[in-house]
Amino acid sequence: MSPSDRKKRVLVFEAHGDDMEFTCGGTIAKFADRGHEVGLVVATDNDKGSFELSADDLRAARDREIRGGARVLGVGNIVCLGYSDGDLREQAPPDVLRGQFMRIIRELKPDIVFTWDPFTPYEGHPDHRAVAMAANEAASFAHFPLYHPEQLKEGLEPHHVGEQWYFAKAPRDVNKYVDITGYIDKKVEALLQHEGQMALTVRDIQYELEASGLDVPWLAQLDPHDFREVIDRQIRGVAAAVGRGAGFEYAEGFRRTSFAAILRLAEGQELQEDV
Ligand SMILES: [Zn+2]
């Protein structure tokens with residue numbers, strides 16, 4: 001299927017500075033490379049994401065790392081909401097976060113919203129669950145004028161989001177694979193911009209290694225700041241495993257708006273794919 005000619009606006013809602021890179025970095029790079037406009041909303045300030053740095057140090061590094069990753073992928077507009085990492089539910093009750101997200105959607109008018117899947121099983125992080133539910137509801141109802149009418153009184157207009165793409169954690173949920181073979185290098189490079197988070201990721205893998213009782217001496221002895229090779233292998237390994245199911249060398253998988261009802265009414269027409 002040939003890519004659609006219409007340039008679209010894509011908006012990613014994430015909980016933490018590196019969620020986009022891990023879950024959809026290759027796909028976002030591909031959208032941007034094809035001339036679509038990509039924006040990013042980061043809900044928290046990452047201030048619990050380290051085994052060694054203070055919360056203040058983490059906040060100071062956050063902006064630089066987020067902008068570094070976004071630059072590699074071709075993301076333009078970045079909105080940081082600055083909630084404390086891990087405490088999103090306490091600081092922003094669901095209706096408050098949904099209202100904030102709806103306001104951003106009505107301002108930036110995305111055609112496609114990417115976010116965590118509110119209905120995926122086994123999601124352990126409360127910030128991911130909070131962002132997922134709020135973004136899903138905001139994107140589903142931003143075109144309903146009776147939701148948050150105070151925003152319309154301020155001059156914003158209702159806006160219909162055409163598609164929602166959820167980061168699929170379980171293979172059974174995937175109904176859209178994106179071939180990212182040409183963008184895997186950018187995905188890895190974008191992740192490597194998040195130096196603090198990557199050191200944390202390696203240290204976390206080392207904790208798992210210890211708990212597993214398995215013997216991988218080079219990994220056990222690795223300085224977590226020497227993260228490049230582990231992250232590269234980890235990311236390529238996951239993308240290759242997802243790709244095997246779809247016939248691509250490297251892929252990312254999503255649960256996307258199905259359009260099933262419209263396709264039934266459209267009498268044999270096919271969707272034009274953007275990526
Ligand atoms: Zn996260």
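**View 1. Strands E4 and E5 side by side.** Strand E4 (residues 112-116) lines up with E5 in the parallel sense, with 5 bridges joining the two. Strands here are DSSP runs of at least two residues, labelled E, while helices are runs of at least four, labelled H or I, and the numbering goes from the N terminus. Two strands count as paired if DSSP finds at least two bridges between them. To find one of these bridges, look for Ile112, whose partner in E5 is Glu163. Keep in mind that this is a predicted model: local features need pLDDT of at least 70, side-chain atom pairs count only at pLDDT 80 or more, and totals for chains, interfaces and linings use all residues. Residues are numbered from 1 along each chain as its sequence is written, and side-chain values use heavy atoms, leaving out hydrogens and water.

**View 2. E5 meets E7.** E5 also pairs with strand E7 (residues 251-256), this time in the antiparallel sense over 3 bridges. Here Phe167 has Phe254 of E7 as its bridge partner.

**View 3. The two faces of E5.** In a regular strand, side chains alternate between the two faces of the sheet. On E5 (residues 163-167), Glu163, Trp165 and Phe167 sit on one side, Gln164 and Tyr166 on the other, and all are buried. Buried means under 20% relative accessible area, with exposed being over 50% and partly exposed in between (1.4 Å probe, protein chains only).

**View 4. Helix H1 and its bend.** H1 (residues 19-33) is mostly covered too, with 13 of its 15 residues buried. At Gly25 this helix bends by about 80°, the bend being the angle between axes fitted to the seven residues ending there and the seven starting there. Just past H1, Gly35 has a positive phi of about 90°.
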